[in-house]
Amino acid sequence: MENAVWMSMVLFALAGAISPGPVNVMASAAGAAQGFVQAMPLVLGASLSYGAVVWLAGSGLQISLVAHPQLARLAPLAGAAYLLLLAWRIATAPPGAPTGAPTGAPTGALAEEAPPRGASALRAWTHGLLQGALTQGLNPKAWLVALSGVGLFVPSGPEGALRLQLFCAISLLVCWLSVSTWAALGMWIRRWLARPAYQRGFNQLLAALLLLTIYGMLAGG
């Protein structure tokens, strides 16, 4: 396979994954609220979910959407409803208090606490993985980018299966690096969020970004 092909895949995946979106907003929230390491379950869940989205996009999903157009109309609405819930949880998260979400949720104040251990750590990882996977899986942007990438890079001939596997692997890796970057950004600004007023403002800003994402998603549909 030509080097130009996989390099083009990398650049395409990077352009889609590094740009602002619901997953990256949630990663920044997790990095700011809990630190970089504690944000990794969400990052990993989103990355694995995106790899699955790309695989589904290359495995005949587009044909199914054409045959059942109601699914294409309902998907953005389901994604918008979930993102609205996340935006509300972030916006109403009081500094120094939990948000009512399970341990490991990327909301709440910047409490200087030791990382969870044992069963609590397992619950935190599980919750982070599921939240990252759901946020990515219900993100119409991820599906549109995946379908576009499959159309560009995955031929219909005998080479298609190998190309799809390569594109899935590249997409997953680039997604992990990109979302990790946003989590690191959240951790970096953590030092400036020591005051409760700053924490509330930061949470409300992230919630507003999610609302803008929802608006753009529905308006573009």
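Guide: The largest cavity has a volume of about 140 Å³, where a cavity is a set of points, on a 1 Å grid over the protein atoms alone, at which a 1.4 Å probe fits but cannot get out, and the volume is the space filled by probe spheres set on the points, with grid points joined across faces, edges and corners. The model is predicted, so totals for linings use all residues, while local features need pLDDT of at least 70 and side-chain atom pairs count only at pLDDT 80 or more. Residues are numbered from 1 along each chain as its sequence is written, and side-chain values use heavy atoms, with hydrogens and water left out.

The lining, meaning residues with an atom within 4 Å of a point, has 15 residues, and those closest to the centre of the largest cavity are Gly16, Ala17, Gln136, Asn139 and Lys141. Two or more lining residues come from each of helix H1 (3-18), helix H2 (22-34), helix H6 (140-153) and helix H7 (160-188), helices being DSSP runs of H or I with at least four residues, numbered from the N terminus. By kind, the lining divides into 8 nonpolar, 6 polar and 1 charged, where Ala, Val, Leu, Ile, Met, Phe, Trp, Tyr, Cys and Pro count as nonpolar, Asp, Glu, Lys and Arg as charged, and the others, Gly among them, as polar. In total, the structure holds 2 cavities of 30 Å³ or more.

Helix H7 also holds Trp176, which is partly exposed, with a relative accessible area of 32% (buried is under 20%, exposed over 50%, and partly exposed in between, with a 1.4 Å probe and protein chains only).

Technical notes: On a 1 Å grid over the protein atoms alone, a cavity is a set of points where a 1.4 Å probe fits but cannot get out, and a pocket is an open set with protein on both sides within 12 Å along at least five of seven lines; lining residues have an atom within 4 Å of a point.
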